[in-house]
Amino acid sequence: MAIKRTESTRLRSIANFSAIAIVIFLSAAFVFETLMAEIKVNYSVAGLVMIITLLIITAIIRNSINHFKMAFNVPFVLLLFYTALMMLCGWYNSHYMLISIFLIAISCIYSNFNRTLTFIIVQNIIIAFLFIRGTPIGGEVPMLTVLINWVICIFSGIIMLLLTRAATVILNKALEHQNSFMDLLASTENFVAMIDERNEVVYASKTLSELGNTTEPTLVQGRPLIDLFPGRSLKIHAGKLLKEKDDYAEDWEFSLNGQKRFFKAASHSLPGGGGTLISLYDMTHLAERDEIAVMKDSMRIGLFFMDKNFIIQDHYSRYLEEMLSDTKLFGKVFTDVISDSVNLSELEAIKDYFKMILERTYDQDMLEEINPLNELHYVNRATGEKKVFQFAFATVERGRGEVFILVTVYDITTRVELQQRLAEEEARRQEEMQAVFELIQVEPDVFSDFMSDMEHEFESIDKILKNESLSAHDALVKVYQSVHAIKSNAVILGLNVFGNKVHNLESKIKKLREMQGEVPFGEMLNLTMEIEKISQEKEGFRSIIDKLQSYAGGAKKVETTGSDRQKVMIDSLTKTTTRVAADLEKKIKFIAEEIDTEAIERGPRREMKEILMQLIRNSAVHGVETPKERKAKGKKETGIIKLSIKLSEDRKNIIMKLTDDGKGLDYKKIAERALSRKLIKKEDAENKDILMKAIFSPGFSTAETEGIHGGRGIGLNLVRDRLKEIRGTVKLRSEDNKGTLFFMSIPLKDRRKRQS
C-alpha cells in the first residue's frame, strides 16, 4: 500500500510538472510562430491569457485536497487556454490534434478513469464544434486530413483510457477504504485528524472540528491544525506536538471554558509519506472519577480541595502534610495556614484572587498570569522551616452544583535555590570579566605600586586586629583608615568591582565604630572574616595578571629607579584628580611642580602617596566648586590643584605643599558640626586653630551625603595619623573663595633610606 501511494504521488508530480511545462511550451511556440509568420497579434491580450492560465494551473495544483479531481480540471484549463489563444489571436497551426493527445495523456497520469473519460468527451465536443464552425484547427490542410487526425486523436484517447481504467481499479479500492475512514471519523468520540507535511488538515473527526467551532468536518480541510485548538494553553500543547509529530506521546492538562481537561495525545507518521495521524483521547472523565484515589496515593505533589470559605476538605494527598510540615489539615482555613508567609495586604489580595476563581467568569490564561501564589516563600509557624511552593488552581463542580477549588502544590525549593546559585555564578563570571577588563586598563607600574600598598595595608590590619592592647573602637578606627586607603587606591585606578566591595566593607566598619558601648565579639569576628574575604581578592588579581603576562609572552622585570617612583606617584595623583572630577562633574587640573626625585626616593613613599591622595580627594570633593558655581563667582570653570615636593634647605626634611583655588573652609559649618559631635566647647566655635584640629578627628565631615569619594570623615583623620606615624606635621591655611593650602613637613632622620 505504501508503494502504491508513493507511485501515485510521483505520477501526480509528473503530471503537475507537465501541465506547467505545456503552458510555457505553447506560449513560446505561439510567440515564435506568429513572429516568423508575421501575423498581426495583440501580444498584450495573448500575454494576459498566458499569465492567467499559469496562475490558475498553479492554484489548482497547490490547493487541491482531492487530487483525483485534477484529472479533469488541469487538462480542461489547458485545452481552453490553447483554444482561446488560437481563436483570439488568429493563430492556427497543424498541431491542435497533437496537443489534444498530450492533454489526454496528462489526464491519464492523474489515474482517475471517470474524470479522464469526462475530459475526453468534453474535448471531442469542443473539437466537433470548432470543426463544424469551420475553424482551421488543422492549419492550411485539406478537411480529410483534419478528420484523419481527429480519428487518430480519438483512438489514442481510447487506448490511454483503457490503461487508466486499470489504474483506477486500485484507486477505487483505496477510495472505499477512505470512505470507511471518513465514516469512522464521523462517528468516533475521539479527537482524530490526518495532516499533511504542511501541518494542514486532510481529514478530521467531527469532535475535533467542533473543538474548532466548526460543525462540518469537511470545512476544516486545508486549515492549519493548530487553528482548531482554542486558548493559549491548548495551542502551546499543539505546537509542541507538531514539532515532534513523527513520534509524539504526552498527557495534556489544560482549562477549557473554565473546566479542567485531560487529554492523552499521540501522533504517528503514516508510511510512504502519507501524512501524520493525530489522535487525542479525552481522559477527563477518568481523571474526575479517580481524583480522590489519586490524591490519596504517594504523589510527590500536594493536592487538596477547598470550598468558597477557603476551608481545606477531607480528601487531600498525603504528601501535602509533609510539604507544609503540618498535620490534620482537614477543616483548617488555607489562608490561615499561609498567613505567616505573607503580609496583610498580600493576604487580602490572595482572598480576592480566590473569589475571582470561584466566579468562573474570568479568562483562565489571565488568572494564571496574575497568580499571586506562583512562588510562595512558605514559613512554617511552628518549626520556622522555609520552603518555596508553586500553587495552581482550578474549579471543580461536585455534588449539587457546588463549586470547589482544586489546589495543586509543587515544591520548587530546589529549583529556586538552583536558579539563585546559577544567578550568583553568572554574576561572579560577569564580575571576573569586568575585573579583567579593568585590570587591562591599568599601567603595570601603577598596578604594582597599588598591589604593594594594598598588601601593606592588609598586613597593618592583621596586626591591629591581633593587638590586644587596643580597644575595639580604637582598632576599628585604624582598620577603617587602612580600608579607606585601599578603597581610595582601587577607585582611582578604575577597579570599580573591587572598589565597591571595599566600599561596602567600609560601611560595615563605620556602623560598628558608631555603636554605643562595647562592640560584640561576634560582630568583630564577622568583620575579620569579611576582611579576609576581601584580602583574598588580591590573589585573584595576581592570577589574572599572571595569565595576561603569559599571553603576552611573559613580563620582563626592570629595576625600579627614583624617577620611576616619581612617575608612578604623580600618575596616581593625577588619576585621583581626574577620576573624582569626572564622577562629581567638575573641571579640575592637577599641576605637579617642583617635584624633587630625591625627596620621593628617600622619603616614606607609601605614606606620602596616601596623604596626598586623601588631600587631593578632599580638595576635589569639598574645595573646588562646580563649573557653574565658579563661573558665578567670576572664576575660571576649571579649578587648579597644585603640588610641590622638595627637600628643605638643610636637606633634613621633605616639604610638601598642596593648594587649591576652591571655596576654602566653611568655618561656620565646621563649628556647627563640631559642636553637634561635642568635639569643641561652645566658646571655641570661632577659634580657627581649634576648628582646624577638629576636622582631622575620625568620622568628622561637613558633607550632607556619603559617597564613594567622601563624606564619611575618615580621609583627613587618615592624613593626621599617617603624619603622626612618620613624625610629620601639617599646617593648614584657608581663605574664603580663594582656596586652601596644606603645608606638610616630614623629617628624614631616623628613617630607612627607602621604603618599598
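How many salt bridges does the structure hold? The structure holds 28 salt bridges, each defined as a side-chain nitrogen of Lys or Arg within 4 Å of a carboxyl oxygen of Asp or Glu. This is a predicted model, in which local features need pLDDT of at least 70 and side-chain atom pairs count only at pLDDT 80 or more, while totals for chains, interfaces and linings use all residues. Residues are numbered from 1 along each chain as its sequence is written, and side-chain values use heavy atoms, with hydrogens and water left out.

**Pairs in helices** (helices are DSSP runs of H or I, at least four residues, and strands runs of E, at least two, numbered from the N terminus)

- Glu-530 forms a salt bridge with Lys-508, with the closest N and O atoms 3.4 Å apart.
- This pair links distant parts of the chain, 22 residues apart: Glu-530 in helix α19 (residues 521–551) and Lys-508 in helix α18 (residues 496–513).
- Lys-567 pairs with Asp-571 in a salt bridge, the closest N and O atoms being 2.8 Å apart.
- Both Lys-567 and Asp-571 lie in helix α20 (residues 562–583), four residues apart, about one turn of the helix.

**A pair between loops**

- Lys-587 and Glu-637 meet through their side chains in a salt bridge (3.1 Å, N to O).
- Lys-587 lies in the loop between α20 and β11 (588–595) and Glu-637 in the loop between α23 (627–632) and β12 (639–647), so the pair ties together parts 50 residues apart in sequence.

**Accessibility** (buried is under 20% relative accessible area, exposed over 50%, partly exposed in between; 1.4 Å probe, protein chains only)

- Glu-530 counts as partly exposed because its relative accessibility is 29%.
- Lys-587 is partly exposed at 40%, and Glu-637 is partly exposed at 31%.

**Network**

- Salt bridges link Glu-625, Arg-630, Lys-633, Lys-635 and Asp-661 in a network.
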